[in-house]
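Take a look at the model below. We will go through a metal site, a helix residue and a helix pair.

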Amino acid sequence: MAQAIEIVEVGPRDGLQNEKVLLSVEEKLDFIARLEATGIRRIEAVSFVNPKRVPQMAGAEEVMAGLAPTGGRSRIGLALNLKGWERAVAAGCDEANLVVTASDTFGIRNQGASVAEQITALHAIAALAKAGGPRLSVTIGVAFGCPFDGEVTPAQVAAIAAECDAAGIAEIALADTIGVGDPWGVRARVAATRAAAPNAKLRVHFHDTRNTGLANAAAAIDAGVDILDASCGGIGGCPFAPNATGNIATEDLVYMAERGGFSTGLDLDGLIQTAEWIGAKLGRVHPSALSRAGRFPG
Ligand code: ZN
C-alpha cells in the first residue's frame, strides 16, 4: 500500500488573507465546501486575527457557524494569542493552530509580541487546552528566515520546539512564511525539531516565493514528514511579509506526491476545478503549475 501523505488545506485562511478581493461569508463557505468535496480532511477554515488589521479574515465566527457538520473532518482556526484561542473555543473549532514566530521583529509586527512573550502565551494556552477545547497545534512562523531580522537558525527553531514539547503540543509545523527556505535547510530544521521535540508529529508549511516550495516539500517527505500544508491554486501570502506570495499549490503537491508513489486521498481534477473557481472569484490567474500544464498521464 502506498504511504499516505496528509495535506492540510490552508486556502481559506493563508490563501485569502493577502488577496485584494474580499470574499463574503457565503463565498468562503462555498470555497470550503468545494475543497472538502475533493477529500480534504483537515482545513484551516478561519483566522481569529483582528479584522481591522486583516479585513480578509473578517467573519470567522460566521464562517464557523455556517459550516456543514464535520463528518469526521477537522476545521482549524488560526490563533495568534490568548484572545484568538478563546475565539477558537467559542466558535467551536475542531483544532486551533497557534503561531509562534521564530524572530522577535516578525512577532512584534505580526502579532504584537516578542518571542519570549509568545512562549509565555503558548504555555498559558497549552494549559487551557489540556482542560478541554480544540486540539492545539503550533506553527513556528518564519522558521527559515525573517524579512526584518534576517537569518533564522535551526537552533532558534529547536528552542521553540523544545518549549512546545514541554507544553505537550502534539503537532508542530515549521513554516517558511516568506519562502526563503531550501531543501537542505528543511532537512536541518526537521532534524533539529525532532531532537528538541521527540514526542510531536511534524508538519511543514511552504511558500513558493523563490521557486523552492515543491523542492522543500520533497525534502520534507524524504525526511519522513507526512503532513504538509498547501493552498488550492497556490493562492495567498502573509500581509505582514513584504513581497509575499502564495503557498505551494495543493494540486501541484498532490501531483508530485502521487507521481512519487504516495497516496493523498484527494481528487486532483476536483482540486484543479476549485483552483479555477477561486481564481475567477479573486479576479486573477492563480499560480498553480499543474492547472496550467495539465495532469500526466492525461
Ligand atoms: Zn503561510
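Is His205 buried or exposed? His205 has 5% relative accessibility, so it counts as buried; buried means under 20% relative accessible area and exposed over 50%, with partly exposed in between (1.4 Å probe, protein chains only). This is a predicted model, in which local features need pLDDT of at least 70, side-chain atom pairs count only at pLDDT 80 or more, and totals for chains, interfaces and linings use all residues. Residues are numbered from 1 along each chain as its sequence is written, and side-chain values use heavy atoms, with hydrogens and water left out.

His205 is also a zinc ligand. Asp14 (OD), His205 (NE2) and His207 (NE2) coordinate the zinc ion at 1.9 to 2.1 Å. Donors are N, O and S atoms within 2.8 Å of the metal (3.2 Å for Na, K and Ca); water is not among the atoms, so sites may look incomplete. Along the chain, the donor spacing reads D-x190-H-x1-H. His207 is buried too, at a relative accessible area of 1%.

Now turn to Asn110. This residue lies in helix α5 (residues 104-111); helices are DSSP runs of H or I, at least four residues, numbered from the N terminus. Asn110 is buried at 10% relative accessibility. Neighbours within four places in sequence aside, Asn110 contacts Arg53, Leu80, Cys238 and Phe240 (heavy atoms within 4.5 Å).

Thr250, Glu251, Val254 and Tyr255 in α10 meet Leu268, Leu271, Ile272 and Ala275 in α11. By class, this contact has six nonpolar, one polar and one charged residues (nonpolar: Ala, Val, Leu, Ile, Met, Phe, Trp, Tyr, Cys and Pro; charged: Asp, Glu, Lys and Arg; polar: the others, Gly among them).

Technical notes: Helix = DSSP H or I, 4+ residues; strand = E, 2+ residues; numbered from the N terminus.
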